[in-house]
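Please look through the model below with attention to its surface, its helix packing and its charged pairs.

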Amino acid sequence: MNNIPPDPQVPAPPVAAPPPPPPLPAVKPSSFRTFLAACLSLCLGLFLAAGAISLVDDSLVLMCGQQVLTLASGLVTCLSFFVLLVVYVLMGLTPIVPRRVFLPIFALVGLGLAAVFPVMIYGYNQLVRFDWLLSLLQVLLVSVIWRRLLGGGPFRWFVIEARHLGNPRFSWSHLAVFLLVNLLVLAPVVAGYVAVCTSVAVSHFTDGFLRLRPSGLILQSRKYARDDGKTVVLFPMSHIADAGFYQAMSHSVASNSVVLLEGVTDSQHLLTNKLSYKRAAKSLGLAEQHEDLSFDQGELIRADVDVQEFSTNTIAFMNLVTLVHTRGLNADTLPLLMNCSLTPEAEQQLFTDLLVKRNEHLLKELRARLPESDHFVIPWGAAHMPELAETLQKLGFHLVETHDYIGIRFGVRSRTGKSDAGRAIK
């Protein structure tokens, strides 16, 4: 039979397409993945709720001065932080936790905690506004993550599904990388940042009278003089320090000096508990100012106020602090401490009573005795020193001499086995 070539103008008959393969049966996720996805959704919802409650609470404080949600906001925030910590640990153990969901949240929390230190140091009165802004960012971030997980679908509470999860298998390499990043990068950075912020805060709030250095706690005494020959030495004190520091301080007082002593009296017995630093001093191997500071020469004058001159709120707050200090933080004192919420007005009154009012009483005593004596020593807490120094300059005194003393030396002992803290730094 002859082969007849196909006519090019005649179209070839269509080739039938192979039938499509039968659809694969849907693989139902395991109950563990479904349960974990639901738990992670609850974690995400808890973080959103914490931000929303905090945002409403801060708004009420800023606009109305009301703190009706402060306790609830604190409890929910603490719970959300604990849950996030658990999720963070779980993320290090296994890649099953979706990092694209929780890493932005961890970044926001970390940056917020890092930013709160400068705000507390340089703008403490703006702390509520900062918390309001941070809460707003928290709500917006979780809302964006929630919307992306929905992918345009209908709203649902359990927004994280099993398909969002990663490989549930434990991986030694994954755990090793997680531990190395946390131990060699995050931990040193966090420790260094906290140390720097602490040092800056101590120096800032005491105007350099108290400084925190790697070598130890440095206290600077400053001598002010006036053209008429009057001198005043401001000597910052610490409730606990090395015994050598208190000895150096007492030996620096001349016999013709008037020493204006610090020490709030309680003639009406308004304080229910006595505040003592003996336990802290003993545990750290240090001395307590109340027991180890003594003067062998000079005229000693009590120049502090009595507790009855404080406001009712301040006395109540002092009683709460001394109660917690005496009994420790336990099931009885923790609820009292958590229910204690100071309004901005109460905080200002507390500052006025503990610093301003006491400084005014001290300066009044100094002015009254200036005509009678030429040399004065004021060994008071470092927090009092900035205002005292400023007032002395207004009275015509000028700085003529400074001495740095090591109040506490960190982990260094002399050859004799005793700490050399307390010696003046040349």
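**Surface, packing and salt bridges**

In this predicted model, Val189 lies in helix 5, which spans residues 172-205. Val189 is exposed, with a relative accessible area of 53%, and it belongs to a nonpolar surface patch of about 820 Å² that is also made by Val177, Leu179, Leu180, Val181, Leu183, Leu184, Val185 and Leu186.

Turning to helix packing, helix 1 (residues 31-64) and helix 3 (residues 99-122) pack at an angle of about 30°, their axes being 12 Å apart. Angles under 35 degrees count as roughly parallel, and helix 1 and helix 3 are therefore roughly parallel to each other; their crossing is left-handed.

A search of the whole structure finds 9 salt bridges. One of them joins the side chains of Glu161 and Arg163 at 2.6 Å, N to O; here Glu161 is partly exposed at a relative accessible area of 26%, whereas Arg163 is exposed at 59%.

Another salt bridge is formed by the side chains of Lys230 and Asp374 (3.0 Å, N to O). Lys230 lies in the loop between strand 2 (216-225) and strand 3 (231-237), and Asp374 in the loop between helix 11 (344-369) and strand 8 (375-381), so the pair ties together parts that are 144 residues apart in sequence. Lys230 counts as buried at 9% relative accessibility, while Asp374, at 39%, counts as partly exposed.

Arg358 forms a salt bridge with Glu262, with 3.0 Å between the closest N and O atoms. This pair links distant parts of the chain, 96 residues apart, with Arg358 in helix 11 and Glu262 in the loop between strand 5 (257-261) and helix 7 (278-284). Arg358 counts as buried, at 10% relative accessibility, and a network of salt bridges links Glu262, Asp304 and Arg358.

Technical notes: Residues are numbered from 1 along each chain as its sequence is written. This is a predicted model: local features need pLDDT of at least 70, side-chain atom pairs count only at pLDDT 80 or more; totals for chains, interfaces and linings use all residues. Side-chain values use heavy atoms; hydrogens and water are left out. Patches are made of residues with over 30% relative accessible area and no salt bridge: like charges are joined within 9 Å, nonpolar side chains (Val, Leu, Ile, Met, Phe, Trp, Tyr) within 5 Å. Accessible areas come from the Shrake-Rupley method with a 1.4 Å probe; for residues, only the protein chains shown count as cover. A salt bridge is a side-chain nitrogen of Lys or Arg within 4 Å of a carboxyl oxygen of Asp or Glu. Helices (H or I, at least four residues) and strands (E, at least two) are DSSP runs, numbered from the N terminus. Buried means under 20% relative accessible area, exposed over 50%, partly exposed in between (1.4 Å probe, protein chains only). Axes are lines fitted to C-alpha atoms, for helices over the stretch in contact, and angles run from 0 to 180 degrees between N-to-C directions. Angles under 35 degrees count as roughly parallel, over 145 as roughly antiparallel, 65 to 115 as roughly perpendicular and the rest as oblique. A crossing is left-handed if the near helix is turned anticlockwise from the far one by less than a right angle, and right-handed if clockwise.
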